[in-house]
Amino acid sequence: MFAAFSALSVRGRGATRLGAATLVSGLAAAGALAGAGPAAAQEAAQGRAGATATIGGLKTYGTAVLHGEDGDRQLPAGLFEMSVEGGGTLQTYCVDLHNPTQKDARYHETPWSGTSLGANRDAGRIRWILQHSYPQVNDLAALAEKAGVRGALTEQDAAAGTQVAVWRYSDDADVEALDPQAEQLADYLEKSARDLPEPQASLTLEPPAVSGRPGERLGPVTVRTNARGVTVSPPADAATSGVRIVDATGRTVTSAENGSRVFFEVPQDAAAGTAELTVQASTTVPVGRAFAAEGRSQTQILAGSSESTVSAAAGAAWAAKGAIPALSAAKNCPGGGVDITATNAGDQPFTFELAGTGHTVAAGGSRTVTLPLREDQAYDFTIRGAGGFEQRFTGMLDCRTRAAEGGAAPQTLGEPSPATVPGNAPSTNLAATGSSEATPLIAGTAIALVVLGGAALLVARRRQTPPRH
């Protein structure tokens, strides 16, 4: 039998990058059912977990002054507001000073490792700032007193001062608040910040993909959440495929809680195929969670959350014999690429070739391969298999702040508006194929490469800050 991971292609996005990299929240994944069979369409089974929201604009803000080699520049600084899909509102600050904000851009909750925060030694200090300032602290008189602010502190001052303090750690920016009270708050927050760990996801499933043989319970898949409980939805075609979501005893599961372990129970006579389960809950998203856009828009970090809808999905694949792989993928910004994790629940090795390099996963084994990508490189690959399995992963490796790269002029907008993006350059194909003695699994990979452009204007002068650990 033959399996291929082929037609790796790259193309230039042609967009001038004028600022810090926008960071996609993990992987955008979309599945489609190809042909007849029991396979279920796998929509967002990999890399999507937590809240999905659309950015509106700056709601509470003041003015900051960015100092650079090309002179001083005033820009708005403060809280953005996002509308959560399914219900809820988020308040966020920017951790991507130089990049434009796209109006109505779609954002996803993502681990720090999928953003510039993953390689930022001061990411934990940013979380401390968020927990000890506005809007988490909404008693502005008490906040002003603690920060030693002389005079009244307005909401606009508090938002601007907090954003300025965040930028000093997220973008290493030489930036000040224009208002004296906001600047006093920013200085207090910067000097007082301490390292805190990354907050846990509001909702995720671990692992996002499992595999096995018909007649078995495939899993376990473990629920991780800060919600009191989650609802569990079975595969869309459960009535016809007979696939059930069960616990370790075989009892059908319709609800779960943090730490619950669930399984796909596949009928003994099921043909090779796939299925997906989804979970959903209502909860407040933890302060400090990163939010990255699907496209080129400022990366955000959560400062406040109403009760919001969160969801996650996991997929399963099965076959009677041969290699039975399950694949998942996640951005790895510190590693400079996308991690593709393959597990093989079959009785034969699974062999595939990725970007010209062959890889083998032994029967019963697991392996993670990092696909190296260049900064600002978009990727789009589809994984196909027996029984109509088809799953697509898209995203963009957009991990660095412009300050870290040697930067360009900031493009933070007071009210987000679409940025002009030139057309794509012609594609370049990089063929890669592979084979296995068992179940056909992977075919069709297309990767879009973003080409950087524009003048580099280094923001070099950095304000004096306390020692960082």
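Reply: Just past the end of helix H2 (140–147), Gly148 takes a positive phi of about 70°. Helices here are DSSP runs of H or I of at least four residues, strands are runs of E of at least two, and both are numbered from the N terminus. Bear in mind that this is a predicted model, where local features need pLDDT of at least 70 and side-chain atom pairs count only at pLDDT 80 or more, while totals for chains, interfaces and linings use all residues. Residues are numbered from 1 along each chain as its sequence is written, and side-chain values use heavy atoms, with hydrogens and water left out.

Now back up into H2 itself. Its buried residues are Leu140, Leu143, Ala144 and Ala147. Looking down the axis of H2, these fall within an arc of 100°, so they line one face of the helix. The arc is taken from the directions that run from the helix axis to the C-beta atoms. "Buried" means under 20% relative accessible area, "exposed" means over 50%, and "partly exposed" is in between, with a 1.4 Å probe and protein chains only. On the face of H2 turned away from its buried side you'll find the exposed residues Ala141, Glu145 and Lys146. The buried residues of H2 pack against H3 and H4, where a contact means heavy atoms within 4.5 Å.

That takes us to H4 (residues 180–192), which has 13 residues. Which of its residues are buried? The list runs Gln181, Ala182, Glu183, Gln184, Leu185, Ala186, Asp187, Tyr188, Leu189, Glu190 and Ser192. That makes 11 of the 13, so H4 is largely enclosed by the rest of the structure. Its buried residues pack against helix H1 (123–131), H2, helix H3 (155–170) and strand S8 (175–177). The expected span is 1.5 Å times one less than the number of residues.

Between H3 and S8 there's a loop that holds Asp172. Like Gly148, with its positive phi, Asp172 has a positive phi, about 55°, although it is not a glycine. Asp172 counts as partly exposed, at 39% relative accessibility. Asp104 is another non-glycine with a positive phi, of about 65°, and it sits in the loop between strand S6 (89–94) and strand S7 (106–110).

The peptide bond from Glu206 to Pro207 is cis, with omega near -5°, and Pro207 is in the loop between S9 and strand S10 (209–212). Gly219 and Pro220 are also joined by a cis peptide bond, with omega about 5°; Pro220 lies in strand S11 (residues 217–225).

S9 and S11 bring us to a sheet. Four strands form an open sheet in the order S9-S11-S15-S13, with antiparallel pairing. Strands S9 (203–206) and S13 (244–246) stand at the edges with a single partner strand each, so one side of each has no neighbour in the sheet. From one strand to the next, the twist averages 30°; axes are lines fitted to C-alpha atoms (for helices, over the stretch in contact), and angles run from 0 to 180 degrees between N-to-C directions. Two strands count as paired if DSSP finds at least two bridges between them.

Going across, S9 and S11 pair over 4 bridges, and Glu206 has Thr222 of S11 as its bridge partner. Another 4 bridges join S11 to S15, with Leu218 partnered by Phe264 in S15. Then 3 bridges join S13 to strand S15 (residues 261–265), and Val246 stands opposite Phe263 in S15.

One last stop is Gln298, in the loop between strand S17 (290–293) and strand S18 (300–305). Gln298 counts as buried, at 0% relative accessibility. Its side chain makes a polar contact of 2.7 Å with the side chain of Thr101. A polar contact is a pair of N or O atoms within 3.5 Å; within protein, one must be able to donate a hydrogen and the other to accept it, and residues adjacent in sequence count only if both atoms are side-chain atoms.
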